[in-house]
Amino acid sequence: MEKQKLSVLVLAVVFGGMALFPPFLLSQYWLHVMIISLFYVMMASSWNLIAGYTGQVSFAHAAFAGIGAYASGILSVFFGLSPWLGIPIGSAVSALLGLAVGYLCIRMGGIYLSLTTLGFSEILRIIITNEDNWTRGTMGLQVPGLFAEYSKTSYYYLFLVVAILVLILLYRLIHSDLGLSFRAVLNDETAASSSGINTVRIRIIAFTISSAIAGLAGGLYGHYVMLISPDVPSLGQMFLVLAMAVIGGMGSFAGPIIGAFLLEILSEYIRIYGEYHVLFYGLVALTITRFAPDGLMAVAGKFSGKKRVGVETL
Amino acid sequence: MKRMLILVALFLLAVATVSYGADAVKIGVVGPRTGPAAATGKAFEEGIALAVDALNAKGGVLGKPVEIVFEDTAGVPEKAASGFEKLITRDKVAIIVGESHSSSALAEIEVANRYKVPFIISEAWHDDITKKGYKWVFRAGPANSGVVDFYIAPFVKDNGFKKVVIVRENSDWGVGIAERTEMNLKRMQIPYNTLKVERESKDFYTELTKIKADNPDILLAYIYGTGLHFFLAQANEVGLTPKALLLDGAGPPSLWDTFWKNVGNAGELELFMSSMHEKVHFTPASKIFWEAYKKKFGKDPTDYKSRSIYNVILVAADAVNRAKSTNNEAIVAALEKTNLEVTTGHVKFGLKPGSYEYHQWMPPMLVVQWQDKKQIVVYPKEAATGSLKKGK
Amino acid sequence: MSEFLLYLINGIVIGVINAISAIGVSLIVGIMKVVNFAHGELFIFAGYFSYHLSQSLGLPPLVAMFVAVGLTFLVGLLMEWTLIRPTYGDDMRSLIITFILSIVLQNAALLIFGPYPLKPPALIGGATNLFGLFYYGNQRLISFFISLAVLFLIFYLLKRTWFGKAIRAISQDRQMASMIGIDHWKMNTFSFGLGAALAGVAGVIVAPIFPVTPSGSAAISLTAFVIVVLGGMGSLKGCIIGGLLLGLIENLGAAYISTMYRNIFAFIILILVLVIRPWGLFGQKA
């Protein structure tokens, strides 16, 4: 109980700090960086749900974010729907498509799943680029913001609240019976299915939830930057999300969170020297995957003398 | 919990970074340093270097040295908008200039409007950029309507072309300039056909075969990027050119280093838009630029975008100097009164809102043809250094 | 009618070249069960090598092509030894590592070779009048014949030589193969190198037609994957038939349905195959 109380206290301090200090201490620029980091926290954590916790490497995560963004964006531009309604709808659309894709390819697993999601992601990007009557293709779709008067602080709080809710949802999920099943499937699929777990159903559920979150994050992002382009559902974005989860530590809860903040903040520093941050992240991710496949969290864990058994929780 | 502490530490690190303003006047530049038009980024870099030299030699801006921050847009509107915003929030620039992609520019002007920061466009041609009427936005460069109405359309008419095929990429610029061209051709009753292509395509045989069936005598290629090289080379392979002439509606791709390597002999008799030629100097400032470029880089300037960015930086500096401050309202007021000699003429911005000519200055353009690997200006007649050669 | 013939020929020529690229992927998948996401990057690196060898070092084009392929082979060996081998057996990890590698190489290519498309000199210029109906680029024709020669060579290698038999043995049953004395670790490394070299062969054949750019590698990898899935993982015949089919569908589709959606046909095929018949036309049912 002591340990749990300590964790809760630290969490409260951190989140309390995040709620109070940034808008007052940070410049508009760094506030923007924080908001983007929170976007990636949602993306990396939800990708980690399927990749880290159920072992499915999906390359369609950025695509689902794009679906959420474009769905909400198109509804607001062409049908005058308020983004406050549009974003949840976008998330639902992503969830539905996630369910469909999941259902189609979960049975295959492994390489086939990855290739299907890759194909799906590219098909989506091509359709978005070409159907410029609806999406304005590469020219970008300008969409309204969420607040009548633009205020970075308002966006920051919105992203913070949603991110925290998403993380709580993911945490409860992983620690539930369902989550236990996820990890059982990850660790030993044959054993899991022979103990009665419907592995296919589990994975589809995880896939759907993760797509819904990606769609939500995408919608929020779109209405924050107020411009949606095919860059959102691109493999380049997918790589960033993957790198964040990998570097932070797949299969750990805090890993993607740390990865998201770390990479986003670092990229701002690196950008001063030119657009090398992607190369740099790639090299770091490569090194980590090769030598420390469980990411920075595992490395930190080693230093604090923790033992890791399979996939851990915090 | 070690992990949470890491989070907190990172957080404090971010918080601790406060940017202190340096004591120089900062001008921001936006342009594609990476992506399919990265060559333009290089041209911008050259122009920026020359402009900084020229300005600081004269004592800088407001008596302080001028500092340029060049932010990469990668040719993607999202990155363009966020880069633009960074120049304002992170680097605290007084004014921003540049851009060579219409789609990026259309995104950036929204940010300029939101933050009320003056923005001078150099080479994004879409009419809406100035037509939207944002008071913070100026353009000292070509606009689609200007390029088509005053140059491309009359060129087609005066040289007796009878059948036109328009090939346009899927970008704001491509769509805009194609539409304006169609409007003009309709008015002049010259038959035409329009085809859409992807900017990053590499294989155009299918499209070219369709075009050949039309039997055009001129192709207006509105493709800004290396796609143009492949298109031209393949048009030659299938025998479309040089019987039909090809006009590069943007211009720079026909001047990039790799042009001749990529197109080989297909480059002969190709036409392209430009605003720069060694024998055509619109103003004394143009000669000064040419000499300075040769001295600094050891070769002749080829990509006219290096000159465009040089121009707009000078315009910006001039406005700030006349405004005697970095206050945004003062700068805009000063810009509206601009009467400055740059390399392509005298900059004066239009002041009547309601059309693309608001806050717009249209520089003179040239239609150039490659003849024996030499640039020959073939239009307009007043600036021509030779005559148009048609293919067989 | 002559247009249809042009599209057909285009499809066949491109298809055959892509088949070689696909074999490069198929080989590695068959032997190591690893999907090499960095395939496209090896392809363009070979193109870049070929360009610099002939432009900067002045080697005759054909020699440059050979050397470029050799260099790519070595790069493949290096990649396998440092990165792929430790992930062997862990499907997810090897997938992730080759994906990351692909991104790293893409950016490295941009940094090292620059953003401009580079074209090694064509072996032969001009165009030929085919069937008296239309002109077709000579370099494309030469590339077609070179590709055919390469395919024959590969067939010979796999069906007649000991090495080929060893490869087929391993892809069918690794444990058995090692029991009869085949050093499957060395085979791994060599096969990966060979797969890389094939990517390189396709690269140097294509580069004089379509210049190489750092951003073009993803499309190349994806095309190869689609062909491999369509034809069936580990099937040589499948790669060739798959390559031809894809080439034809793409060209005819672009011509008669929509030029804008040219690139989508490949992906639609991919998804259809994965959903309806995941082991492809000629693959083994897992």
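Predicted model: local features only at pLDDT ≥ 70, side-chain atom pairs only at ≥ 80, totals over all residues.
**Entry 1. Confidence, chain B**

I began with the pLDDT of chain B. The mean is 87. Of the residues in chain B, 94% reach 70 or more. Over residues 15–21 of chain B, pLDDT stays under 50. For that stretch the model has seven contacts beyond four places in sequence.

**Entry 2. The five-stranded sheet**

Next I traced a sheet in chain B. It is open, has five strands, and runs in the order 2-1-3-4-5. The pairing is parallel. I noted strand 2 (66–72) and strand 5 (137–139) of chain B as the edges, since each pairs on one side only. From one strand to the next, the twist averages 25°.

I checked one pair in detail. Strand 1 (residues 25–31) and strand 2 of chain B run parallel and are joined by seven bridges. Within this pair, B:Val29 stands opposite B:Phe70 of strand 2. I then asked what helix 2 (residues 38–57) of chain B touches in the sheet. Helix 2 packs on the sheet and touches strand 1, strand 2 and strand 3 (95–98) of chain B. The direction of helix 2 makes about 170° with that of strand 2.

**Entry 3. Backbone exceptions, chain B**

Most peptide bonds are trans, and most residues other than glycine have a negative phi. I listed residues of chain B that depart from this.

- The bond from B:Thr241 to B:Pro242 is cis, with omega near -5°. I placed B:Pro242 in the loop between helix 9 (227–237) and strand 9 (245–248) of chain B.
- B:Tyr379 and B:Pro380 are also joined by a cis peptide bond, with omega about -5°. I found B:Pro380 in the segment after strand 14 (374–379) of chain B.
- B:Lys116 is not a glycine, yet its phi is positive, near 60°. This lysine is in the loop between helix 4 (102–115) and strand 4 (119–121) of chain B.
- B:Lys324 is not a glycine either, and its phi is positive at about 60°. Its loop lies between helix 12 (305–323) and helix 13 (328–336) of chain B.

Are these two lysines buried or exposed? I counted neighbours. B:Lys116 has 13 other C-beta atoms within 10 Å, so I logged it as partly exposed. B:Lys324 has 10 within that distance, so I logged it as exposed; the cut-off for exposed is 12 or fewer.

**Entry 4. Helix 3 of chain C**

I moved to chain C and took helix 3 (residues 61–84). It has 24 residues and reaches 32 Å from its first C-alpha to its last. That is close to the 34 Å expected at 1.5 Å a residue. Buried residues in helix 3 of chain C include C:Ala64, C:Met65, C:Phe73, C:Gly76, C:Glu80 and C:Ile84. I looked for what covers the buried residues. The cover includes helix 2 (39–55), helix 4 (91–113) and helix 8 (184–206) of chain C.

**Entry 5. The contact between B and C**

Last, I looked up the interface. The contact takes 24 residues from chain B and 22 residues from chain C. On the side of chain B, helix 2, strand 7 (192–197), helix 8 (205–214), helix 9 and helix 10 (259–263) each supply at least two residues. Which of these gives the most? Helix 8 of chain B does, with four residues. By class, I logged seven nonpolar, nine polar and eight charged residues on the side of chain B that touches chain C.

Technical notes:
Residues numbered from 1 in each chain as written. Chains lettered and ligands numbered in written order. pLDDT = per-residue confidence, 0-100. Contact = placed C-beta atoms within 7 Å. Pairing = 2+ DSSP bridges. Axes fitted to C-alpha atoms, helices over the stretch in contact; angles between N-to-C directions. Buried ≥ 20, exposed ≤ 12 C-beta atoms within 10 Å, placed from the backbone. Expected span 1.5 Å × (residues − 1). Nonpolar A, V, L, I, M, F, W, Y, C, P; charged D, E, K, R; others polar.
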